[in-house]
Every structure is written in C-alpha cells, then in structure tokens.
Amino acid sequence: MNIIFYAILFIIGSVVGCLWAVKSREIPKNLDLRKTHNTNNPKQELISELIYILIGGVSTVVLANIWDINLYEFDISNFIIYVFAMLYISTLVLIAGIDRVYLKIDKKMIAFGIITSILYMLYLCIVDLASMYLSVIYFAIYMILLVIDSFLLRKFAKDSYIVNLLMLITMILVFTDLKTLTYTLVMSVIAVGLYVLLLNCQKKKNGNKKIKLNEIPVGFFVAASNIVVLFMVKIFENYLLINR
C-alpha cells in the first residue's frame, strides 16, 4: 500500500512541479525581466519544464520518506514539518529557476520564504520553547536586512542582489541548521568556481572578454546546492538511524 501511496505523492509532486514551471515564467513576465541567457529553444524549454516536474515528484516522495509520512501511522507533527519543507523547497526552486535565467533573486519569493520561515519559527517555539532564543536571533537578522534593503531601495531605487542573497542564506539557516548551511556554501563556492571556469573557456573563444560579477547567478547556485545538500544530509541521517 505504501508503494501506491508514494506513487500518488509523486503524481501530486509532479503537478506541483508543473506549477513551478508556470510560475517561473509568469513571475519574470510580470516584472518585465529580460533573459540574460538565450533559452528560446523549444527543446531547452521542454527540458526545463521536465526538470521542474521531476524535482517536484521526487521532492514529495523523498521528504515523505524522510519524515515517515505513510498510510499506517499519521503523526501530525511530522506532517506539519513536511508541509513546511515542501513550501521551503518550492521557494528555493523558484528562486533558483528565476535567477538562473534572469540573474535576479525575486523579491516576492524572498518575502514568501521569510513569511513561511517566521511561521515555522513560531511553530517550533510552540513545540519547544528552547528554540525561542535562536528564533529571536534569526528574526533580528531579518529585521536588520529588511531595514538595509529598504534604505538601499529608497536611495538607489533598485533591489540589492547582495541583500536578497543574505536573506536567502538566513532563510536557509532558519529551515536547516549551521552544518547544512556550511555544506551548502562550500558546494556553492565549488559550483561557482566551475561555472566561472566554464565561462572563461567560452569567453576566450569569443574574444577573451572579462567576466563580470553580475553575470554569475549566485542565488541559483546557493538555492540549488541547498536542495542537494538537504536531501543528502537527511537521507544519510535516516540511513544511520535504520542501521543502529
């Protein structure tokens, strides 16, 4: 029965992935963003949509397995964490998808992630008052970044990519932990290094032009790396628990 249950979850996740694909196109259009990478090839667009669908399907099944969501036992606490995890993954996927093509960390997705993370912190405080200390620290970091962002927006009438990136990193810290964030940043640095190396090779073929910092979708690498690291860490932890 669990196989059928997980198959249904995979189908639901695939539908969620379809919604991600739609939103990744709609949000930039509403913001009138221009693509920084040529992705008008129909095959590339199809592959991109299939990737969203696959990530959606796999995420729902993997997360359900990690938090032991099944037909035989229903734990309301695990289910709530599962819902928050799916909202978190949705935020990361859309941030990564938009930044990869448009080199912009969308403010609406950051706002959605912050609100979701605050609700998550409130839930953790209700379940365990000991988590209140960390929650207050994370909330204070959010407030400081929002004040800085508001100041820069008034002064320059433009979103700060760096501030948005710091908000994304804080959001990752809220939903995971310092260890996962460290692994994420290490993987991101390696991925960015390989990306720059690849760009350098391409630039040399096209006239040896210099690479600009604003040509690197750092938000994409951070969000994507966190998804990979989160799944790897959780699967590894579950494997150790099973074998004890």
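Which residue forms a salt bridge with R25, and how far apart are the closest N and O atoms?

**Ground rules.** This is a predicted model, so I keep in mind that local features need pLDDT of at least 70, side-chain atom pairs count only at pLDDT 80 or more, and totals for chains, interfaces and linings use all residues. Residues are numbered from 1 along each chain as its sequence is written, and side-chain values use heavy atoms, with hydrogens and water left out.

**Entry 1: the opening pair.** I looked up R25 and found E49 as its partner, with the closest N and O atoms 2.7 Å apart. A salt bridge here is a side-chain nitrogen of Lys or Arg within 4 Å of a carboxyl oxygen of Asp or Glu. E49 sits in helix α2 (residues 42-66) and R25 in helix α1 (residues 2-30), 24 residues apart. My cut-offs are buried under 20% relative accessible area, exposed over 50%, and partly exposed in between (1.4 Å probe, protein chains only).

**Entry 2: the whole chain.** I counted eight helices and zero strands. Helices (H or I, at least four residues) and strands (E, at least two) are DSSP runs, numbered from the N terminus. Of the 244 residues, 41% count as buried. For contacts (heavy atoms within 4.5 Å), I took those with a separation of 6 or more: 76% of them are between residues 24 or more positions apart.

**Entry 3: helix α5.** I picked α5, which covers residues 132-156 and reaches 36 Å from its first C-alpha to its last. That is close to the 36 Å expected at 1.5 Å a residue, where the expected span is 1.5 Å times one less than the number of residues. Its buried residues include S135, Y138, Y142, L145 and D149. An α-helix has 3.6 residues a turn, so residues three or four places apart point the same way. I see the buried residues of α5 packing against α4 (107-127) and α6 (161-175). Just after α5, A157 takes a positive phi of about 55°.

**Entry 4: around D159.** I found D159 in a salt bridge with K104, closest N and O atoms 3.3 Å apart. D159 lies in the loop between α5 and α6, and K104 in the loop between α3 (76-102) and α4, so the pair ties together parts 55 residues apart in sequence. D159 also meets K107 in a salt bridge (3.8 Å, N to O).
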